[in-house]
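Subject: Handover of a structure and summary of findings

Dear colleague,

Please find below the structure that I am handing over to you.

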Amino acid sequence: MDHYKYCCHTVADNIEEMEEARSRRGYVPVLVGEREEDMEKIWVTIKAIQHLTIVELLEQSANEYGYQKGLLKIKYDANIFKAKLHNISKKCARVHTRNI
């Protein structure tokens, strides 16, 4: 019975996630945190999610969690992850400006 409740809860969460994602085109929601209970949803641009640093973190998480349905999860300090995203965004902006 607990499994059934979990599955229904997951489906409801996925529907809400899909609706929220539609309003944030060009972004991917990622759960980031060192522990399961500390996970924080961070919206990452599609361009940033392809960056080598983020890809490596995703691969590490896949090795730890396995490939799962639902939101991507990265086991990492959320504040450090945000700082990395900020740096990646600044670098992408500089490259884009130079190419114009």
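What percentage of the 100 residues in the protein do buried residues make up? The share is 22%, where buried means under 20% relative accessible area, exposed means over 50% and partly exposed lies in between, computed with a 1.4 Å probe on protein chains only.

Some notes on the basis of these values come first. This is a predicted model, in which local features need pLDDT of at least 70 and side-chain atom pairs count only at pLDDT 80 or more, while totals for chains, interfaces and linings use all residues. Residues are numbered from 1 along each chain as its sequence is written, and side-chain values use heavy atoms, with hydrogens and water left out.

Overall arrangement

The protein contains four helices and three strands; helices (H or I, at least four residues) and strands (E, at least two) are DSSP runs, numbered from the N terminus. Read from the N terminus, the order of the elements is α-β-β-α-α-β-α. Among contacts with a separation of 6 or more, 48% join residues 24 or more positions apart; a contact means heavy atoms within 4.5 Å.

The sheet

The three strands form an open sheet in the order E2-E1-E3, with mixed pairing. Two strands are taken to pair if DSSP finds at least two bridges between them. E2 and strand E3 (72-75) are the edge strands, each pairing on one side only. Ignoring direction, neighbouring strands of this sheet are turned by 35° against each other on average; the axes are lines fitted to C-alpha atoms, for helices over the stretch in contact, and angles run from 0 to 180 degrees between N-to-C directions.

E1 and E2 pair in the antiparallel sense over six bridges, and the two strands form a hairpin with six residues between them. Within this pairing, Val 32 is opposite Glu 40 in E2, and Pro 29 is opposite Trp 43 in E2. With E3, E1 pairs in the parallel sense over four bridges, and here Leu 31 stands opposite Lys 73. E1 is mostly covered, as five of its seven residues are buried.

The nonpolar core

The largest nonpolar core has 14 residues. Such a core is a set of buried Ala, Val, Leu, Ile, Met, Phe, Trp, Tyr and Cys residues joined through side-chain atoms within 4.5 Å. Val 32, Ile 42, Val 44, Ile 54, Ile 74, Phe 81 and Leu 85 are the residues with the most contacts inside this core. At least two core residues are supplied by each of strand E1 (27-33), strand E2 (40-45), helix H2 (46-49), H3 and helix H4 (78-99). The largest share, four residues, comes from H4.

Leaving aside neighbours within four places in sequence, Val 44 is in contact with Gly 26, Tyr 27, Val 28, Val 30, Ile 49, Phe 81 and Leu 85.

Individual residues in the helices

Ala 48 is found in helix H2 and counts as buried because its relative accessible area is 3%. Not counting residues up to four places away in sequence, Ala 48 touches Ile 54, Leu 85 and Ile 88. Ala 48 and Lys 84 are 36 residues apart in sequence, and their C-alpha atoms are 9.9 Å apart in space.

Ser 61 belongs to helix H3 (residues 52-65) and is buried because its relative accessibility is 4%. Apart from neighbours within four places in sequence, the contacts of Ser 61 are Gly 66, Lys 73, Ile 74 and Lys 75. Glu 64 also lies in helix H3, but is partly exposed, with a relative accessible area of 47%. Glu 64 and Ile 74 are 10 residues apart in sequence and 9.4 Å apart in space, C-alpha to C-alpha.

One further feature concerns a ring. The charged end of Lys 73 sits over the ring of Tyr 65, 5.5 Å from its centre; this description requires NZ of Lys or CZ of Arg within 6 Å of the ring centre and within 35 degrees of the ring normal.

Yours sincerely
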